[in-house]
Amino acid sequence: MDGPELHLREKQERNGWIPDLSVIGMGRVGLVTALSFAAKGHRVLGVDLDHRMVAKLRKGQASFFEPGLHELLTKVLDSGNLEVSEVYDERLLPALIHLVCVDTGSVDGSAIDLTNLLSALRDLSPYVRLDAVVALRSTAPPGTTEAARRLLSKNGTGPSVACNPEFLREGSAVEDFFNPDRVILGVTTEEAREALLSLYRDFPGEKIVCHARTAEMVKYAANTLLAVNISFVNEIASICERVGADVRIVSRALKLDHRFGPHAYLEAGLGFGGSCLPKDIAALALVAKLVQQPTRLLDAAREVNDAQRQGVIDRLLERLGDLESRVIGIIGLAFKPNTDDVRAAPGLEIAQRLVRIGAWVKVYDPLVEHDTFRHAPYEVAKDVYEAADGADALVLANSWDGLKSVRLERIRRLMRRPLVIDGRNVFDPRAMREKGFEHIALGVGDEHQPLPYGSLDKTPAEPWELALPRSSRDRLGLIDKDGFAA
Ligand code: UDX
């Protein structure tokens with residue numbers, strides 16, 4: 001045991017340290033949950049089987065990046081309100097609330113994978129008092145809370161089990177934790193209701209107490225709605241580009257409608273990624289399939305999302321012809337700004353597709369550790385300039401604070417062809433063109449180009465011809481054989 005650990009343990013022993021709360025799983029959700037409740041004065045015992053991660057935590061190091069997390073970890077360790085453990089043991093016994101925050105699914109594998117949840121509940125089971133509440137924060141299908149209750153019961157009696165979904169966004173998880181829009185408490189007993197209402201007493205946001213199955217659906221519905229919004233705006237962006245409109249302004253205008261609001265998920269780009277939206281929309285589609293309910297909107301949202309990634313490859317092929325041995329720089333690998341998480345990240349998915357068709361890919365992201373790509377078939381650049389050096393194209397797949405202030409002149413000189421596909425609409429297209437770039441902004445069309453309605457048999461002279469009665473459109477040859485505008 002080194003210095004700071006010894007210091008912490010001495011302090012806890014002196015105080016007769018006993019936890020009132022446990023957090024199971026010290027990943028992105030669990031750690032933020034544990035630290036935040038500890039900062040609020042609870043004595044939290046955090047458990048994770050990953051002993052390396054636990055050892056790092058004891059030294060004040062988190063295994064991932066999250067704004068404000070390091071400071072919070074230092075503060076909480078110093079206060080002595082957090083203990084972390086790599087084993088389930090008697091130290092858990094005094095806790096009256098256990099918050100279970102383990103992973104429930106992988107993006108690459110099955111959308112629903114409850115193996116970790118099941119084994120965490122089994123490991124926890126011997127140390128849960130009958131008057132304790134076990135609240136599941138992990139995202140899982142309707143019915144999981146009730147199944148957990150059965151699992152933790154013996155001879156018809158057991159602790160209360162509840163569903164308390166989290167809505168933390170990576171990159172602002174700490175802030176989101178302290179300022180929730182709402183707190184959802186899916187309970188199966190009166191004891192759970194009382195305990196959880198009291199736990200969240202000081203938090204802003206409406207508390208919604210409901211059945212566990214409803215709480216489980218709230219989480220899936222919330223993430224699916226965000227995903228559907230993003231795919232909606234991406235489809236609008238594709239139309240904007242073709243008709244010479246600017247999706248950035250369309251999006252701004254939509255957000256000014258108070259029915260959507262300034263924080264609505266209406267930013268066009270390469271589509272949604274991360275560990276939650278893609279997984280949860282797939283999980284809900286699977287749940288719906290099992291109950292024989294069609295999911296037309298969900299399926300369409302997933303298709304649009306995939307098309308956003310493929311759209312970049314298509315544009316590169318269009319401009320560069322064969323991509324075999326072309327050098328493509330991918331700037332930004334994390335799935336969004338302010339995180340180092342590359343799960344289902346658009347940049348990474350595009351890199352993988354490019355490698356598959358023979359391109360030479362250079363990647364750069366300021367937050368993602370080089371080690372992440374140790375075995376990957378990409379060249380890892382140390383900065384934007386190295387990624388641009390000799391490139392036939394740059395794909396901007398994520399943005400960060402400093403990206404806007406890179407030296408564009410230098411980048412253009414370094415590139416073999418100054419082609420930039422701006423997947424986050426970071427740069428102004430006109431300014432980029434003036435600097436000599438071939439800049440493609442997603443969803444930003446050229447208002448000077450003639451409208452490409454020529455895909456119809458006969459290009460209408462004016463848009464109102466599109467609205468002519470069917471018989472006139474037919475005469476003009478604007479109707480295909482199925483009766484739709486061709
Ligand atoms: C999400 C939910 O927001 C959160 O409530 C839940 O608990 C976990 O899943 P997170 O995965 O951290 O959080 O990412 P989020 O900020 O929601 O972004 C998801 C993806 O959508 C990112 O790839 C982001 O770049 C993309 N996005 C977001 C858009 O493409 N356009 C938008 O307008 C908003």
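Analyst: Two strands pair if DSSP finds at least two bridges between them, where a strand is a DSSP run of E with at least two residues, a helix is a run of H or I with at least four, and both are numbered from the N terminus. The model discussed here is predicted, with local features needing pLDDT of at least 70, side-chain atom pairs counting only at pLDDT 80 or more, and totals for chains, interfaces and linings using all residues. Residues are numbered from 1 along each chain as its sequence is written.

User: What makes strand E10 and E11 a pair?

Analyst: Strand E10 (residues 360-364) and E11 are joined in the parallel sense over two bridges, and because the definition asks for at least two, they count as paired. Lys-362 stands opposite Glu-379 in E11.

User: Why are strand E11 and strand E14 said to stand at the edges?

Analyst: The open sheet has six strands in the order E11-E10-E9-E12-E13-E14, with parallel pairing. Strand E11 (379-380) and strand E14 (438-441) each have a single partner strand, so one side of each lacks a neighbour in the sheet.

User: How do you know how strand E1 and E2 pair?

Analyst: Strand E1 (residues 21-24) meets E2 over four bridges in the parallel sense, and Ile-24 stands opposite Val-47 in E2. Within strand E2 (residues 44-47), Val-44 and Gly-46 point one way and Leu-45 and Val-47 the other, all of them buried, a term that requires 20 or more other C-beta atoms (placed from the backbone) within 10 Å of the residue's own, against 12 or fewer for exposed and partly exposed in between. In a regular strand the side chains alternate between the two faces of the sheet.

User: What puts the buried residues of H6 on the same side?

Analyst: In helix H6 (residues 144-152), the buried residues are Thr-144, Thr-145, Ala-148, Arg-149 and Leu-152. They cover an arc of only 145° around the axis, which is why they lie on the same side of H6; the arc is that of the directions from the helix axis to the C-beta atoms. Their cover includes helix H5 (115-124), strand E5 (133-136), strand E6 (160-163), strand E7 (182-187) and H9, contact meaning C-beta atoms, placed from the backbone, within 7 Å.

User: Which residues come nearest to the ligand?

Analyst: Of the 19 residues around the ligand, those are Glu-170, Glu-267, Phe-272, Gly-274 and Cys-276; a residue is near if its C-beta atom, placed from the backbone, lies within 6 Å. Helix H9 (residues 212-243) gives the most to this shell, with three residues.

Conventions
Contact = placed C-beta atoms within 7 Å.
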